[in-house]
Each structure stands twice: as C-alpha cells, then as structure tokens.
Amino acid sequence: MKAYSSVLAVGASITVLGGLALGAVTNPKLDSGEKSIRKVCVLPVEAEMNKSGMKGGEGMTKEADEWGPKVGDVVTKVIGATGAEVIPGALSEEQLRANDSLRQTLLQLNQKYDSVSAQLHKNPKDLKKGRYTLGDEVALLPCAAQADSLAFVHAKATVLTGGKKAFGALVAGPSRSRSDVWVTFVDAKSGETLAYTRVFTIGDRFRQDPAKAYTNVLTKEFKKMRVGVQGAKKKK
Amino acid sequence: MSRRTPALASLFTCFLSAALAQSGAPQAFKFTPVDAKLLEEVNELDRQLEKKGLVYQDPELTAYLNNVATRMLGDQPAPEQVNFKFRVLRDPMVNAFAMPNGSIYVHTGLLATLENEAQLASVLAHEITHVTQRHTYQHNRSLRKKMVAMHVFSAVSAAGGFFPAGSLFGAVLSVAGSVSQVLVAASVFGYSQDLERAADRNGVDLMTKGNYDARAMPRTFALLDEKLEIEPVETFWRTHPKLQERITTTTQLAGSQGLKEPRAVSEDAYLALVAGAMRYNIGADLVSRRARTALARANRLVRWKPDDPANRVLLADAYRALGAKTAEPGQEEQSRHGQADHRKRLLKLTAEEEQKELLKKPDGAVERKANAERAEKEYLESIAKDSSFAEAHRGLGMLYEEQSRNADAAREYKRYLDLAPADALDRLRIERRLEKLEKSLVDRGPAKPA
C-alpha cells in the first residue's frame with residue numbers, strides 16, 4: 001500500500017511540477033575546466049511525435065514540426081540564462097533552404113549523432129571515459145568557428161489516444177502521454193561529447209506549454225552540466 | 001422459380017467474381033476512410049523527405065528515371081489518386097519503395113548496385129505494379145485486421161535501433177517510421193508473398209512492354225544478394241529462400257517473353273548517368289561504416305573511368321576507411337555464428353573501438369598496412385592525373401596524419417587549402433588540423449636529416 005502511494009505521489013508530482021530528469025552525465029574534461037560550455041551553437045531540434053492508439057501507431061509530423069522549434073526556444077533560453085552565449089540564427093530554416101551543402105552537412109552530422117547516441121543512451125556513464133565522439137567533422141558547420149560547443153537537441157513524444165489511455169489504466173500499462181528531450185553538448189573542435197542529459201514529462205502538458213514543462217528541469221540539469229561556467233585558464 | 005434459384009445465382013456470381021480475380025481483370029478500387037488516411041500519411045512523407053534534404057537533386061537523373069518508367073507505362077492513364085513521380089533518395093541502403101500516391105523512390109545504394117538500365121527498369125516495373133495494383137492499401141487493410149500488425153509495428157518502432165551503426169544508412173526509413181509505419185513495414189519486410197509475386201509477374205510484363213529484356217530482373221535479384229557487409233537488419237529483398245524462389249520464377253517468366261530486339265543497354269551508358277549519385281553514395285557508405293561496399297563501388301568507377309581523379313580519390317578513401325578490415329568478408333564472418341557476432345559488435349562498438357579490436361587479431365596490423373599502402377598509391381595516382389585536384393591532397397594529408405607523418409601531412413593540408421575554394425565547408429576543419437600539426441612540429445624541434 002505504501003509503495004502504491006509513493007508511485008501515485010511521484011506521478012502526481014510529475015504532472016504538477018513538469019519534467020523530470022534521468023541524470024546529467026559530464027565529461028571529466030568539463031569537470032576539470034579543460035573544456036567549457038560558454039559559447040553554444042544550438043542545432044535545429046530533431047522532433048518526432050507519434051500517436052499511439054488501439055490500432056497501432058501513426059505519425060504526427062505536422063504537430064512535431066510545430067513542437068520542435070518551441071523546444072529549441074526553451075533550450076536556447078535556458079542556456080542563455082546560465083550566462084552562456086548562444087550564437088544567434090546559426091542554422092536557421094532559411095539558411096538551410098538556401099544552402100543545400102550546409103543542409104547535407106547538418107543531415108550527416110545529425111545522423112552521426114544518432115549513431116553515437118544509440119550507444120550513449122545505453123551506457124551514458126561511458127561519457128566519463130571519453131568514449132563518444134563525433135569527430136572533427138563538427139567543424140564543417142560554420143557556427144563551429146565561433147562556438148566552443150554544439151548542442152544537439154532531440155525530442156520525442158508519444159501521445160496516447162483516449163482508448164489507449166483507458167486500456168493502459170486497465171492493464172497497468174502506459175496510460176499517459178510522454179515526452180522525452182535529450183540534450184547533448186559536443187566540443188565544437190574535436191567533436192568529443194562533453195555533457196548529456198535526458199528529461200521527460202508525463203501527461204499532455206508538454207504540447208500546450210513546453211516552457212513550463214521543461215524550463216525548471218533543464219535549468220537544474222544545465223547547472224549540473226556546468227553550462228555557462230568558465231573553464232580553467234590555460235597556462236601560458 | 002424454384003427456391004434454389006437465388007442460392008444458385010449467388011453461387012454463380014461468386015464463381016464469376018473469383019474467375020475474374022484469377023484472370024486479373026481490373027476491378028474498380030473503392031477508397032475507404034482508412035485508405036484516405038494512408039494517402040494523407042504518404043503525401044506527408046513526400047514532404048518530409050524533401051524537407052529533410054533526403055531527395056537527391058539531379059534533374060538529369062530524375063528525367064532519366066522518368067523516361068525509363070514512361071517507356072513501360074506507355075500512355076495508359078494513372079489510376080485514381082495516383083501521380084507518378086520517380087525520384088532518388090540519399091540512403092546507402094540497397095532499397096526502393098513505392099507509395100500508393102505514385103511516388104517511387106530508388107535509394108542511391110540501389111542505383112550504385114545496379115549495372116544497367118534494364119535492371120533499373122526491372123526495379124521500377126516491380127514498384128509501379130505495387131502502385132497500380134494498390135498493394136499498399138491492401139497491405140494496410142490486411143495488417144489492421146491482424147494481431148500480427150502489433151508485432152510488425154513494434155518492430156518498425158524499433159527501426160531506429162536497427163541502425164545504430166547508421167550514419168546515413170537507413171536514414172530514409174527512420175524518417176518514414178515517424179510518418180507511416182505501414183510503409184516502413186512494407187519496405188523493410190515486404191508485402192505478402194502473393195503481392196510480391198504479382199509485382200514480379202506484372203513487372204516482367206511491363207518490362208516487355210517497354211522493350212526491356214526481362215532477364216534483367218533475375219539478375220537484379222542476384223545483385224541484391226551481394227553480402228559484403230553484415231547489415232544491422234536484412235530487408236526482404238535479401239532474405240532466403242524468398243530471393244532464390246524469385247530468381248527462379250522470374251527467370252522462367254522472362255524466358256517466355258523473348259523479345260526479338262530488346263532495347264540495347266550498357267554499363268557505360270548507365271554509369272554516365274548515375275555516376276554522380278554513385279559518388280555521393282560512396283561517401284555515404286564511408287560515413288556509415290560500410291567501407292567494403294564503398295570499395296567495391298569505387299573500383300567499378302575506376303574501371304569505368306580510370307583517368308578521373310575523383311574516382312581514384314574515392315577508391316583511396318575506401319582503402320583508408322577499411323583500416324584493419326579485409327576487403328571481403330572471410331569465411332568465419334560469413335558463417336551464421338560469425339554474422340551474429342559481427343552484428344552484435346556493430347551495435348556495441350564505436351568505429352574506433354572496432355578498429356582497435358581488429359588490430360588485436362593476428363592479421364590486423366598487416367591488413368592495415370596493406371590498405372594504407374593501396375590508399376597512398378591511389379591518392380598519388382590521382383595527383384598524377386590532376387595535381388590541382390584538392391580532395392586528393394586532403395585525403396593524402398589525412399592518411400599521413402594517421403601514420404604520424406606529421407610534416408608530410410602538413411604539406412598536403414597546405415596544398416589542399418591553397419587549391420580548395422574559399423567557401424569550402426571543410427576549410428575550418430583542415431585549418432585546425434594543420435594548426436595542430438604545425439604546433440607538434442615546432443614542439444618537436446627541427447627534423448633530423450634523413
């Protein structure tokens with residue numbers, strides 16, 4: 001009974017307070033001050049949203065197209081609030097439309113990130129060993145010239161239909177919609193992964209008010225990830 | 001009228017409709033709300049593929065695909081809600097797929113595998129049939145009725161996890177997965193055996209109509225059986241015994257369609273049109289940890305145009321990317337156990353970790369040295385053909401840097417920076433590498449005389 005009440009309490013707090021985090025992981029080079037996250041180039045958010053119903057799933061691409069930039073805005077604002085500088089309009093939709101080779105480079109880097117993140121999601125602690133790198137191809141992005149780090153933001157949401165929610169409640173399966181946001185900071189020179197976190201929300205609020213859903217939790221996580229903290233000065 | 005008459009009449013009607021279905025007589029397709037929903041999804045997928053930059057933009061190549069298809073389609077009107085469009089997608093996965101709205105996509109990976117126009121026609125003919133005979137709608141309706149759909153959909157949802165070694169490999173499927181699961185299910189796992197057989201059968205007819213030698217179809221299937229890489233997931237094209245059965249059936253069908261003078265096709269003419277897409281695909285193979293495939297394709301390009309420095313550079317890049325890997329899989333790797341082991345490693349290790357493991361093997365270091373020598377030879381050959389070809393200097397610089405020949409690497413990078421256009425996207429990357437090398441050279445002091 002006690003365990004059941006705690007589960008209910010956790011569920012209620014997620015609903016009321018917004019997002020929760022699965023724990024930030026940082027590279028020792030960031031902790032030692034050898035690297036820092038002070039000038040960030042935020043890449044366009046890769047967002048995916050699916051509807052899950054009793055007859056399977058279906059994509060919600062239009063909704064995802066609207067949601068993605070909103071998540072990007074929240075991440076950008078929270079980074080800015082830490083004192084770090086965000087390079088403005090680094091990879092806008094207009095720029096990408098006008099420059100196909102830039103769009104191809106971004107696509108390639110995002111895919112490379114996907115290949116690394118598949119392992120990063122499984123073993124996030126290996127980030128401490130410096131296991132994950134995107135290589136110096138990151139310098140192919142023009143904003144890498146001004147930035148010390150790149151922020152890859154991926155967001156995924158599963159929206160449950162009424163039927164699926166009812167079914168989930170009956171069989172003790174998932175009965176609420178869920179959203180996950182992954183933020184990974186990568187060194188803009190070497191491509192080494194510097195910090196990583198995953199935050200999530202339960203319920204449908206993430207769609208109506210992404211700022212409310214993610215601001216607090218991301219602020220806490222970015223603090224742990226030393227975003228905006230000055231690195232150690234290099235010895236001359 | 002006896003009481004039996006209505007029953008007999010309805011029985012007769014059943015037989016008649018069954019007979020018509022058997023003979024393949026066209027039946028009007030009635031759209032249901034479920035079909036309309038699917039149509040909406042695939043139209044959205046068209047937009048997403050375009051938006052993500054996955055559609056390969058080459059007007060000449062697109063026109064070529066359209067011409068090949070038009071030859072087979074003739075002047076027959078497109079079915080309701082179908083607007084045929086033939087396009088190429090940037091994905092090294094050897095695949096092609098059709099959407100019920102008439103959009104037919106051929107991956108660069110498949111284009112790079114095919115040998116001539118007739119083989120391309122066989123792929124398009126097969127896919128056109130899926131559209132004209134409404135296979136995706138039928139498949140969708142059937143899946144929705146079955147519990148198996150749940151399993152297929154959950155497998156499709158995990159599609160992202162299939163390609164963690166991914167890079168650009170499977171990029172299209174991961175976009176498609178977020179829009180239409182039915183389509184990904186059809187593309188990865190195929191339609192039902194009956195629908196696939198129908199597409200092969202009608203495909204052979206379409207090829208004959210377009211004056212293409214239908215014997216190209218079984219040859220296409222044989223090409224798809226190439227096993228240079230252990231793929232994270234096997235698409236239906238490559239699963240046995242289905243593939244063997246399809247080769248046998250289409251060989252028989254093609255044999256009975258003997259054309260007197262089929263359209264002449266040649267590999268040279270085909271390569272002249274697809275070389276750009278092939279070069280792109282070699283690059284995509286390389287970033288997707290498919291160096292063996294990249295090597296095989298680059299070798300084809302070099303055989304076709306040995307004096308083209310770009311072809312030589314791609315071949316050299318492929319040798320360099322092989323590192324400690326052999327150019328072809330060994331027997332152990334091809335065994336069932338070996339394949340499973342390799343697949344597991346691919347999912348678990350990063351590219352750098354994989355190379356380190358290979359170097360621990362007895363032949364690893366020997367293989368790496370040999371591949372590096374081959375790469376150097378090809379880069380130098382490319383420079384000999386055209387000393388102003390910037391990419392050859394960049395690749396050579398990277399090779400020397402990997403071998404810790406820092407002075408040589410710095411020289412080649414400088415040459416690259418002199419030759420590359422001012423707005424080259426990788427200028428910053430090479431400048432940074434050069435800066436690091438020069439620093440290391442200064443720290444080490446003047447080089448000792450040889």
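At what angle do helix H3 (residues 59–73) of chain B and helix H5 (residues 117–132) of chain B pack, and how far apart are their axes? Please place the answer in its wider setting.

Reply: This is a predicted model, in which local features need pLDDT of at least 70, side-chain atom pairs count only at pLDDT 80 or more, and totals for chains, interfaces and linings use all residues. Residues are numbered from 1 along each chain as its sequence is written, while chains are lettered from A and ligands numbered from 1 in the order in which they are written.

Two packed helices are described by the angle between their axes and the distance between the axes. For H3(B) and H5(B) the angle is about 65° and the axes are 10 Å apart. Here axes are lines fitted to C-alpha atoms, for helices over the stretch in contact, and angles run from 0 to 180 degrees between N-to-C directions. Helices (H or I, at least four residues) and strands (E, at least two) are DSSP runs, numbered from the N terminus. The crossing of H3(B) and H5(B) is right-handed; a crossing is called right-handed if the near helix is turned clockwise from the far one by less than a right angle, and left-handed if anticlockwise.

From H3(B), the residues Val68(B), Ala69(B), Met72(B) and Leu73(B) take part; they meet Glu117(B), Leu120(B), Ala121(B), Leu124(B), Ala125(B) and Ile128(B) of H5(B). Two residues are in contact if their C-beta atoms, placed from the backbone, lie within 7 Å. By class, this contact holds nine nonpolar residues, one charged residue and no polar ones. Ala, Val, Leu, Ile, Met, Phe, Trp, Tyr, Cys and Pro count as nonpolar, Asp, Glu, Lys and Arg as charged, and the others, Gly among them, as polar.

Elsewhere in chain B, Leu358(B) lies in helix H19 (residues 351–360). Leu358(B) is partly exposed because 19 other C-beta atoms lie within 10 Å; the term buried requires 20 or more such atoms, exposed 12 or fewer, and partly exposed a number in between, with C-beta atoms placed from the backbone. Beyond its neighbours within four places in sequence, Leu358(B) touches Gly323(B), Ala324(B), Lys325(B) and Gly364(B). Asn211(B), in the loop between helix H11 (193–209) and helix H12 (216–224) of chain B, is likewise partly exposed, with 16 other C-beta atoms within 10 Å. Although Asn211(B) is not a glycine, its phi is positive, at about 65°. Most residues other than glycine have a negative phi.

Chain B also meets chain A: 30 residues of chain B are in contact with 29 residues of chain A. On the chain B side, the elements that give two or more residues are helix H2 (33–51), helix H7 (148–157) and helix H23 (427–444). That side consists of eleven nonpolar, eleven polar and eight charged residues.

Chain A itself has eight helices and nine strands, and 45% of its 236 residues count as buried. One of its residues, Arg226(A), follows helix H8 (210–224) of chain A and is buried, with 24 other C-beta atoms within 10 Å. Arg226(A) has a positive phi of about 60° despite not being a glycine. The average pLDDT of chain A is 86, and 90% of the residues score at least 70; pLDDT is the predictor's confidence in each residue, from 0 to 100.
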